Amino acid sequence: MRRYPVATPFRHGSCRRSFTTPREGASMSEAGHARFGPEPLPASAESAPSARVAISLRSDRGFLNLRLNPRDGQAVEAAERILGQSMPQAANTFTNDGHEVYWLGPDEWLIATVAERAAALGGELAEALSGFHAAVNDVSGGFVELLVRGADARTVLAKGCTLDLHPREFAPGQCVQTGLGRAAVLLAAGDPSTCTIVVRRSFSDYVRRWLENAARPHRACISAL
């Protein structure tokens, strides 16, 4: 039974660091990524040009959980300065400008970035937010990211999701924590034909198999990025 890193609980009045120094954090993150790296996807026989949907595992992603008071303008500004992009303030939206920053709750965000950058970015955020009511945790070991793309991407996802996934209702830039099959996932709309799934690692194999089965009638192309 594999054991995965657990996010440090949010504590009021302090900025919890998962990193002693950026370099130490980087070493820990890289070691964790190597140890808990995602299982490879089996390649499909369907060629990409004929596929109506393509499923890809993004094996190069790292994740940070960020919590702070959104009404503290200085804290938000400090985080945005390190990220180099704005943080979404509207519920169930995300920003994408170098990293993907997903709104999870009124004071909580999930930052998806390049795996090799995650530890250093977490250290920089922790340093910048050390004087604020905030917490930063590297949760890279706990999540896996999948991309579902193609003309039938939303049709495939709709087979296991109770939300209306039509682009009019689930527009690009929106994200939501919902169910897919029997797993809880974070689902984000990149464009009308591309959706990102972030799922806890312990459920990732189930979600991958569910997607393979649901996409089979749509000439699915399966690969790793």
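## Basis of the model

Residues are numbered from 1 along each chain as its sequence is written, and side-chain values use heavy atoms, with hydrogens and water left out. The model is predicted: local features need pLDDT of at least 70, side-chain atom pairs count only at pLDDT 80 or more, and totals for chains, interfaces and linings use all residues.

Two packed helices are described by the angle between their axes and the distance between the axes. Helices (H or I, at least four residues) and strands (E, at least two) are DSSP runs, numbered from the N terminus. Axes are lines fitted to C-alpha atoms, for helices over the stretch in contact, and angles run from 0 to 180 degrees between N-to-C directions. Helix α2 (residues 73-83) and helix α3 (residues 115-128) have axes that come within 9 Å and cross at roughly 155°. Helix α2 is therefore roughly antiparallel to α3 (angles over 145 degrees count as roughly antiparallel).

The crossing of α2 and α3 is right-handed, a label given if the near helix is turned clockwise from the far one by less than a right angle. On α2 the contact (heavy atoms within 4.5 Å) is made by A78, A79, I82 and L83, and on α3 by L121, E124, L125 and A128. By class, this contact has 7 nonpolar, no polar and 1 charged residues; Ala, Val, Leu, Ile, Met, Phe, Trp, Tyr, Cys and Pro count as nonpolar, Asp, Glu, Lys and Arg as charged, and the others, Gly among them, as polar.

Q85 is placed in the loop between α2 and β3 (94-96). Its relative accessible area is 6%, so Q85 is buried (under 20% relative accessible area, with a 1.4 Å probe and protein chains only).

Apart from neighbours within four places in sequence, Q85 contacts E80, T95, N96, D97, G98, H99 and V101. Between Q85 and D97 the C-alpha to C-alpha distance is 6.1 Å, with the two 12 residues apart in sequence.

## Surroundings of T194

T194 lies in strand β10 (residues 194-200) and is buried, with a relative accessible area of 15%. Neighbours within four places in sequence aside, T194 is in contact with L147, V148, R149, A188 and A189.

## Cysteines

The count of disulfides is 0, a disulfide being a pair of cysteine sulfur atoms within 2.5 Å. For C161, the closest cysteine sulfur is in C195, 9.3 Å away and too far for a bond. C161 counts as buried at 8% relative accessibility, and C221 counts as buried at 12%.

How values were computed
Angles under 35 degrees count as roughly parallel, over 145 as roughly antiparallel, 65 to 115 as roughly perpendicular and the rest as oblique. Buried means under 20% relative accessible area, exposed over 50%, partly exposed in between (1.4 Å probe, protein chains only).
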